[in-house]
Amino acid sequence: MNLDTREPVVQTLGVLEAAALLRELTAGLIALTDFDEALLALVRVTRDAVAGVRWCGFTALRAGEPAGVAASDEGLAGLDDLRHGPDSPAMSAIRRREMILAADLDREPRWPAWTARARDLGVRGVISAPVDIDDQVIGAINLYAAAPDLLTPQHQLTAMLLAEHAGLLLAAVRDRSRQLTLAGVRDASLLQDGVVGQAVGVIMTQRGCPPAEALDVLRTAASSLDIPLREVAERLVRTVSRSRDT
């Protein structure tokens, strides 16, 4: 029996490639707290991992206004930057909330100004997929090809999976960033507390460490003793005061 299995094999390879991309993205972004750094990692990993994609970019909006771009190759950053004009595949994807494909820019009537710039830079095909990040930030990931008709339905599937996964990862990055900011505010407030500030000063003197590290020492002690942080600080200050009095 002569069965043609080429198509299932191609589909399987495409699924494996997409899975490998998502794993690599997760590993690269899982610990990041800087949003711009995460965007740059996202576009570079995508460019290197997806066959047929020569460049990759990301367009971000915050509260409906341009909020930055990331480009795998600096020379193409202007294609993702809405400050050069809102008429682009990325903006179409964001507005319509659907994937945009332009397989051959030489035959593409949409976004004439953008298309002319893209062709001048060597771009001949693009896929833009909308990315939902959180209530404030949305965007689009843009996959660029250097030859016409290179971007296939498999690339569209990869872009769809990538956009979904990237949205989750980038949302987590923004959440970690917010948590660090809140922690910094809480730390500043604690250090302004008289007794906690005194205890931190004692630890800094004893250990020769910065305030943040000294505060972590207090937190560790409070957790180990299962008592409030302020009580640990009061005990330490009382102990030091008694030793000075004797």
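How are α7 and α8 oriented to each other, roughly parallel or roughly perpendicular? Before we get there, a word on the model. It is predicted, so local features need pLDDT of at least 70 and side-chain atom pairs count only at pLDDT 80 or more, while totals for chains, interfaces and linings use all residues. Residues are numbered from 1 along each chain as its sequence is written, and side-chain values use heavy atoms, with hydrogens and water left out.

Helices (H or I, at least four residues) and strands (E, at least two) are DSSP runs numbered from the N terminus. Helix α7 spans residues 194-207 and helix α8 residues 211-225; their axes come within 9 Å and cross at roughly 110°. The axes are lines fitted to C-alpha atoms over the stretch in contact, with angles running from 0 to 180 degrees between N-to-C directions. The two helices are therefore roughly perpendicular, a label for angles of 65 to 115 degrees.

Now turn to strand β4, residues 125-132. Seven of its eight residues are buried, so the strand is largely enclosed by the rest of the structure; buried means under 20% relative accessible area with a 1.4 Å probe, protein chains only. Strand β4 pairs (at least two DSSP bridges) in the antiparallel sense with β3, residues 100-102, over three bridges, and Leu101 has Ile127 as its bridge partner. With β5, residues 137-145, β4 also pairs in the antiparallel sense, over eight bridges. There Val126 stands opposite Tyr144, and a hairpin of four residues joins β4 to β5.

Key. Buried < 20%, exposed > 50% of the residue type's maximum accessible area, 1.4 Å probe, protein only. Parallel < 35°, antiparallel > 145°, perpendicular 65-115°, else oblique.
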